Amino acid sequence: MAGKKEIWITEYARVKKYPVGGVIYGQHNQGTLVLPYCYGVIRAEDKVVVVDVGFNNENLGKVLADRFGVSDWTPPSTVLGRIGIRPEDVDIVVLTHNHFDHAGNLNAFPNAHVYIQAEEVEKFLWAKTLPDRLDWITTACDPDDLMALMERWKAGKLTLVRGDLEILDGIRVVAAHDTHTLGSQYVVVDDPFAGRWVLAGDNVYVYENIEGIDGDGHFVPIGLLFGSATKQVLAMNEMYELVDGETSRILPFHEDKLWERFPTTVHDDGLHTAKIEVTDKMIARR
């Protein structure tokens, strides 16, 4: 578990009106919500780890962002600069999955060693060989992001993970295959002082997924699935058990309620930075 770790969730863009049914399965015609787009950042002793890297707002990345209604894009130099980190100082990047808004700006982190599930890369390549009528499987993916991975491989800075792996003392990736995507993973952080946290990637979109509609405690799958809804719910249950049911210790990257549950700075551009730590609000929820 080693020494104390610092965790932030940093917002780099947002969708101001996203359909509720896209994040909570079956909630059709239930209006819209604000959908943040975020990185996770972990400082562990002398290492900086970034979980997901956003997109580059150029070429196909911008086309996809416009298609999904993303606005207020801000480069990582600005977003990370707000917590005193430069992108070139990032030692490790973990990609929870290959969607453009999570894996689309790798080149902004030139010195980082990258961890992604081998299954995610292999299944993406497989899906791109299928007939065009099946291209929905890769609808949120940019092939250039795979080329960026290959450049990292050429530099000796790519690990294709098979299953679970501890990447630093107290920080591990956990496979969640055939869920949100075919080779997803999430990150578990163990801190000797603040306990365990789970950075969920997109296997939890909002707290309703793991706390239930109106807080009834019944899991609801995310709205956008490329794998099995059953496996996705089971992956949520794994996360839930890892944190002993303290759902605020599960950190979704598209959840606007993060800014209510954790100490948060609202910047001049309206984007948010949350410092992840135990708060009175968390204790009250137990």
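These questions and answers go through a predicted model of one protein chain.

Visitor: How many helices and strands does the protein chain have?
Guide: This is a predicted model, and its chain holds both kinds of element. The count for the protein chain is 9 helices and 14 strands.

Visitor: What radius of gyration does the protein chain have, and what would a compact globule with 286 residues have?
Guide: The C-alpha trace spans about 50 × 45 × 40 Å along its principal axes. For 286 residues, a compact globule would have a radius of gyration near 19 Å. The value for the protein chain agrees with this, at 17 Å.

Visitor: What share of the residues in the protein chain is buried?
Guide: A residue counts as buried when its relative accessible area is under 20%. Of the 286 residues in the protein chain, the buried ones make up 53%.

Visitor: Which share of the accessible surface belongs to carbon and sulfur atoms?
Guide: The accessible surface of the protein chain comes to about 12,300 Å². The part of this surface that belongs to carbon and sulfur atoms is 49%.

Visitor: How many Å apart are the centres of the positive and negative side chains?
Guide: The protein chain has 28 positive and 43 negative side chains. The centres of these two sets lie apart by 1 Å.

Visitor: Is His-254 buried or exposed?
Guide: His-254 sits in the loop between strand E12 (250-252) and helix H8 (258-261). Its relative accessible area is 3%. The cut-off for burial is under 20%, so His-254 is buried.

Visitor: Which side chains make a polar contact with the side chain of His-254?
Guide: Leaving aside neighbours within four places in sequence, His-254 is in contact with several residues, among them Leu-35, Tyr-37, His-102 and Tyr-205. Another, at 3.2 Å, is with the side chain of Asp-202.

Visitor: How far apart in space are His-113 and Arg-261?
Guide: His-113 lies in strand E6, residues 113-117. Not counting residues up to four places away in sequence, His-113 touches residues including Asp-91, Val-93, Gly-156 and Thr-159. His-113 and Arg-261 are 148 residues apart in sequence. From C-alpha to C-alpha, their distance in space is 31 Å.

Visitor: What is the phi of Asp-52?
Guide: Asp-52 is in the loop between strand E3 (47-51) and helix H1 (59-68). It counts as buried because its relative accessibility is 0%. Most residues other than glycine have a negative phi. The phi of Asp-52 is positive, near 75°.

Visitor: Is Asn-59 buried or exposed?
Guide: Asn-59 is placed in helix H1 and has a positive phi of about 50°, although it is not a glycine. Its relative accessibility is 61%. The cut-off for the exposed class is over 50%, so Asn-59 counts as exposed.

Visitor: Which residues does Gln-232 touch, not counting residues up to four places away in sequence?
Guide: Gln-232 lies in helix H7, residues 229-242. With 0% relative accessibility, Gln-232 counts as buried. The residues that Gln-232 touches, with those up to four places away in sequence not counted, are Thr-179, His-180, Asn-203, Pro-221, Ile-222 and Leu-225.

Notes:
Residues are numbered from 1 along each chain as its sequence is written. This is a predicted model: local features need pLDDT of at least 70, side-chain atom pairs count only at pLDDT 80 or more; totals for chains, interfaces and linings use all residues. Side-chain values use heavy atoms; hydrogens and water are left out. Helices (H or I, at least four residues) and strands (E, at least two) are DSSP runs, numbered from the N terminus. The radius of gyration is taken over C-alpha atoms; the globule rule is 2.2 Å times the number of residues to the power 0.38. Buried means under 20% relative accessible area, exposed over 50%, partly exposed in between (1.4 Å probe, protein chains only). Accessible areas come from the Shrake-Rupley method with a 1.4 Å probe; for residues, only the protein chains shown count as cover. Lys and Arg count as positive and Asp and Glu as negative; His and the chain ends are not counted. The place of a charge is taken as NZ of Lys, CZ of Arg, CG of Asp or CD of Glu. A polar contact is a pair of N or O atoms within 3.5 Å; within protein, one must be able to donate a hydrogen and the other to accept it, and residues adjacent in sequence count only if both atoms are side-chain atoms. Contact means heavy atoms within 4.5 Å.
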